[in-house]
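Trainee: I am new to this structure and would like to go through it step by step. Could we begin once it is on display?

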Amino acid sequence: MSKSERRDARKFTKVTCVGGGVIGAGWAAHFMRAGLDVVVYDQAAERESYLRESLATAMPALIDLGMAQDASPERVFFTTDFEEALQGTDFVQESGPENIETKVSLLSEIDAHTRPDVVIASSSSGFLSSKLRSRAKHPERILVGHPFNPPYLIPLVEIAGGDAARRAADDASAFYRSTGCEVVELDREIDGYIGNRIQYAVLREVLYLMSQDVADLESIDRAIAAGPAIRWAVMGLSSVLFLGKSDPSLWGKFVESLGREMDRGYIAPASFQPDQALLQNYAEQVAKGIGANGQAGLIALRNAGVVGIRSELQRVRATLAGAKHELG
C-alpha cells in the first residue's frame, strides 16, 4: 500500500482536545465544524462553561465559513476524566500550558493512554518536537501541530515533526487538510517555527518605532492593517515583493536594493533589544488605547473580517482558476 493510499484509508471520526483554554476551545470549534466527534479534556471543571461560551461566540463565523452536514455543538463533549477523554480517540490535539516541562509530562501521559497508531499533535507555539517527545514510549507519533489563534478562524497549521515522526506528519497533514486547514510542513525544526518568528520580527519593529516616538500604537497598527497586512492576506511577502518591479528581469537587482535599504536603516538596528520597561509601557498603552473597550468589539471585527476575507479569496481563486481552465 502506498503512502497516499494509507493516508486515504485512515478515517478520523473522534478527536480529543487535551486542554480547554483559548486554543483548546478554538480547536474544538474547528473540529466540530468539520463534522467530527470532539472530546475536550481539562482538569478544571469550570472550563466546561468557558468551552460552551467559546463555541457560542464562534458559531456565527463557523456558519459563515460553512459547516459540515452533520456538524453540531452537541457533538462536543467535555470531561475531567483523562482516560475517558482518550478512550477510542483517533487523533489528539494537546493544548496545555506553554511550559516545556508541563508539556513533556502531559504528552508522555497521553502517549501512555492511547493506541500506538494515534497521532499526538502539540499546539506548542515554539518548542521543538524532539524535546516534547523526549519521555514518550512511542515518540515517533508525537509532533507539533501549531495553529494560529483562533484555530477555527485562521486556517494555518505548521507541522514540525522532524525525520523521527515522518509517518505521523504525513497522517497529520492529511487529517488537518481534510478539516479545512492550510498545512505548512517544516523541512527541519527551529524554535518558534515560521509564523511566530515573522510575528516577533514585526513586533520588534513595532517596539522600536514606539521607543523612537515615531507614532502611537494605534497609528502603527493602522499602518500595518491598511498596508502590508492587506497584501499578506492574499499572498506571502516574497510574492508581494516579486511584483515590486514591472519587469521580472529586474528582480535580482531589486532584491539587491532591498538589502541596501536594510543597511541604510529600514529595520531596527541589531543593537536594539526591548527592555522590561519598554515592554511594560507597550502593554499599558495597548490596554489603555486599542484595548480600552475590552475584547468583544475586537473579536467581532476580527471574526467577521477574517470570514469575509477567506470567503472572498475563495471566490476569487475559483473564478481565476475557471478562467485559466477556459483559456487553457
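Mentor: Helices (H or I, at least four residues) and strands (E, at least two) are DSSP runs, numbered from the N terminus. This is a predicted model, in which local features need pLDDT of at least 70 and side-chain atom pairs count only at pLDDT 80 or more, while totals for chains, interfaces and linings use all residues. Residues are numbered from 1 along each chain as its sequence is written, and side-chain values use heavy atoms, with hydrogens and water left out.

Trainee: Where is Arg-75 found, and does Arg-75 count as buried or exposed?

Mentor: Arg-75 is found in the loop between α3 and β3 (76–79). Buried means under 20% relative accessible area, exposed over 50%, and partly exposed in between, with a 1.4 Å probe and protein chains only. Because its relative accessibility is 18%, Arg-75 counts as buried.

Trainee: Leaving aside neighbours within four places in sequence, which residues is Arg-75 in contact with?

Mentor: Contact means heavy atoms within 4.5 Å. With the neighbours within four places in sequence set aside, the residues in contact with Arg-75 are Gly-35, Leu-36, Asp-37, Val-38 and Asp-70.

Trainee: What pLDDT does the protein average?

Mentor: pLDDT is the predictor's confidence in each residue, from 0 to 100. While 97% of the residues score at least 70, the protein averages a pLDDT of 93.

Trainee: Over residues 1–9, how many contacts does the model have beyond near neighbours in sequence?

Mentor: Over residues 1–9 the pLDDT is below 50. Beyond near neighbours in sequence, the contacts of this stretch in the model number 8.
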